[in-house]
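Please work through the exercises below with the sequence and the structure at hand. Each task is followed by a solution that goes step by step.

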Amino acid sequence: MNPNHLRWATTSENLADRLIHGTMIVGERNGRCKLTEAKVRKIRALYDAGMKPKQIAALFGVSNSMAGYIGRRQNWKHVA
């Protein structure tokens, strides 16, 4: 570890640095995720077309609440 790369920072600053440097583990980079970015886009399209989260959840093997969060863009925010 190079000490020149270290600095004192708050938790918020550390989280911001992770986003800037691309080291935050989000979406498909998380080894436990069930979805891909393509599936997230499909979930959003189905949600926007009026499909209920319960129906979407059954199609993609996620919880009803997760399907709703994704459809309302409260989760997987990094996916456009």
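**Exercise 1: α3 and α4**

Helix α3 (residues 53-60) packs with α4 at an angle of about 105°, and their axes lie 8 Å apart; the model in which these values were computed is a predicted one. Determine how α3 is oriented relative to α4, and state which residues of the two helices meet.

Solution. Begin with the angle of about 105° between α3 and α4. Angles of 65 to 115 degrees count as roughly perpendicular, and therefore α3 is roughly perpendicular to α4. Turning to the contact itself, Pro53, Lys54, Ile56 and Ala57 on the α3 side meet Asn64, Ala67 and Gly68 on the α4 side. Sorted by class, the residues of this contact of α3 with α4 comprise 4 nonpolar, 2 polar and 1 charged.

**Exercise 2: α2 and α4**

Describe the packing of helix α2 (residues 37-48) against helix α4 (residues 64-71) by angle and axis distance, and then name the residues that form the contact.

Solution. Two packed helices are described by the angle between their axes and the distance between the axes. For α2 and α4 the angle is about 85°, and the axes are 8 Å apart. This angle makes α2 roughly perpendicular to α4. In the contact, α2 contributes Val40, Ile43, Arg44, Tyr47 and Asp48, which meet Ala67, Gly68, Ile70 and Gly71 of α4. The residues of this contact of α2 with α4 divide into 5 nonpolar, 2 polar and 2 charged.

**Exercise 3: the largest pocket**

State how much space lies in the largest pocket, and characterise the residues of its lining.

Solution. The space in the largest pocket comes to about 260 Å³. The pocket is lined by 14 residues, of which Cys33, Leu35, Met66, Asn75 and Trp76 are the closest to its centre. By class, the lining of the largest pocket consists of 6 nonpolar, 5 polar and 3 charged residues.

**Exercise 4: the whole chain**

Summarise the secondary structure of the protein chain, and compare its radius of gyration with that of a compact globule of 80 residues.

Solution. The protein chain has 4 helices and 0 strands, which gives the pattern α-α-α-α when read along the sequence. Its radius of gyration is 17 Å, whereas a compact globule of 80 residues would have one near 12 Å. Taken along the principal axes, the C-alpha atoms of the protein chain fill a box of roughly 50 × 20 × 20 Å.

Definitions and conventions:
Residues are numbered from 1 along each chain as its sequence is written. This is a predicted model: local features need pLDDT of at least 70, side-chain atom pairs count only at pLDDT 80 or more; totals for chains, interfaces and linings use all residues. Side-chain values use heavy atoms; hydrogens and water are left out. Axes are lines fitted to C-alpha atoms, for helices over the stretch in contact, and angles run from 0 to 180 degrees between N-to-C directions. Angles under 35 degrees count as roughly parallel, over 145 as roughly antiparallel, 65 to 115 as roughly perpendicular and the rest as oblique. Contact means heavy atoms within 4.5 Å. Ala, Val, Leu, Ile, Met, Phe, Trp, Tyr, Cys and Pro count as nonpolar, Asp, Glu, Lys and Arg as charged, and the others, Gly among them, as polar. On a 1 Å grid over the protein atoms alone, a cavity is a set of points where a 1.4 Å probe fits but cannot get out, and a pocket is an open set with protein on both sides within 12 Å along at least five of seven lines; lining residues have an atom within 4 Å of a point. Grid points are joined across faces, edges and corners, and a volume is the space filled by probe spheres set on the points. The radius of gyration is taken over C-alpha atoms; the globule rule is 2.2 Å times the number of residues to the power 0.38.
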